[in-house]
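Subject: Structure handover

Hello,

Here is the structure for you to look at. My notes on it come after the model.

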Amino acid sequence: MEKLRIMSVFGTRPEAIKMAPLVKELAGREEIESICCVTAQHREMLDSVLEVFDLKPDWDLDIMTPRQTLSTITSKCLTGMDEAIDTLKPDMILVHGDTSTTFAGALSAFYHQVPVGHVEAGLRTWDKYSPYPEEMNRKLVTAIADLYFCPTENNRENLRREAVTEGVFVTGNTVIDALKTTVRKDYVFAAEELNRLPYDTKKILLVTCHRRENYGQPMEDIMSALAEIARTHEDVELVYPVHLSPVVQECAKKHLADIPNVHLIPPLAADEMHNLMARCYLVLTDSGGLQEEAPALGKPVLVMRRETERPEAVTAGTVKLAGVKYDDIVGMAHELIADPAAYAAMAHAVNPYGDGCACRRIADAILWHFGRGGRPEDFHP
């Protein structure tokens, strides 16, 4: 029996972190030929993840251009995928989450009548402009996909609300699988500045902020709040790996560059970020992935967005929605810095996102779909 050719398509740093362990799991299956296709929507940040996980793409579209737009990303992905699919002839294409690469990859697969598996399916805010463009990307992929790999039962319920009930699996999130391979107690950072941080004597606050819907006044308010937190708490060190977006770079430097206990550093490789997260005290972020990663490491998260498509962690108590207003962010951060009981309640909550076996379940589900194995049992926290 010929091997199934399963092609994983991704192009950004967060996608790569979550897809890398799946690409490797598929490669370890005798029945599967695992093919890796990258769009390089984020070139530098993607390459660092590929290096960490020792992944060598079989196809690289290399689409990134300076100040690229959503339209150029999508169109270049679509045209580039034509040749990749015609040459590699996959039996199924896997896309992840909600990026422009995800949407374009799924649409290209549809144009070539290749089945689509959607990893991290079923996340919703029910507001098509927030997060933008991610919410609409994932809804469009839902309309195209044949298999749906939901991190949680809540994600499956979201799909059920849209009358999607066939080919749906609850697998846990693959990022938990990734953390098992990257976090180590004896880890030494490449940047000496991170090795010198006073992890034992001060509270390390890890920050990320980059989302498009926060551009403008929301980002100005977020950065002002971060500056206030740093200035009013001498016992904290704020570490911010600043996204490469010029908009983000300019705003971060404007508000935070001259504060002694703020460290504005370049974006970190996946293993660096995971190990910094494991040693930090608190995470403040508008990222999606960190809302899943940090709870797995016992770190409270304040989400600097108006809503989250990951309500499971809010319900579990590991995440709080701080919003984008100055007073709310400052107040919530102060409580967690100053109140040990409030901190402990979040740090010790149960992580709802996985047990580190998501990739195994996804691989089993793919084989089941093609009639080469039994249906895997769903993940239950």
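Predicted model: local features only at pLDDT ≥ 70, side-chain atom pairs only at ≥ 80, totals over all residues.

Overall fold. The protein chain contains 16 helices and 13 strands. The C-alpha trace spans about 65 × 40 × 40 Å along its principal axes. Counting contacts in the protein chain with a separation of 6 or more, 68% are between residues 24 or more positions apart.

An open sheet is built from 7 strands, with parallel pairing and the order 3-2-1-4-5-6-7. Strand 3 (59-60) and strand 7 (168-170) are at the edges; each has a single partner strand, so one side of each has no neighbour in the sheet. Strand 1 (residues 4-10) and strand 4 (residues 92-96) run parallel and are joined by 4 bridges. Within this pair, Ser-8 of strand 1 stands opposite Leu-94 in strand 4. As background, strands of a sheet pair through backbone hydrogen bonds, either parallel or antiparallel.

Burial, surface and charge. Of the 381 residues, 60% count as buried. The protein chain exposes about 15500 Å², and 51% of that area comes from carbon and sulfur atoms. There are 40 positive and 57 negative side chains, and the centres of the two sets are 1 Å apart.

Regards

Note on methods
Residues numbered from 1 in each chain as written. Heavy atoms only, no water. Pairing = 2+ DSSP bridges. Helix = DSSP H or I, 4+ residues; strand = E, 2+ residues; numbered from the N terminus. Buried < 20%, exposed > 50% of the residue type's maximum accessible area, 1.4 Å probe, protein only. Contact = heavy atoms within 4.5 Å. Areas by Shrake-Rupley, 256 points an atom, 1.4 Å probe, with all protein chains shown as cover. Lys, Arg positive; Asp, Glu negative; His and termini not counted. Charge placed at Lys NZ, Arg CZ, Asp CG, Glu CD.
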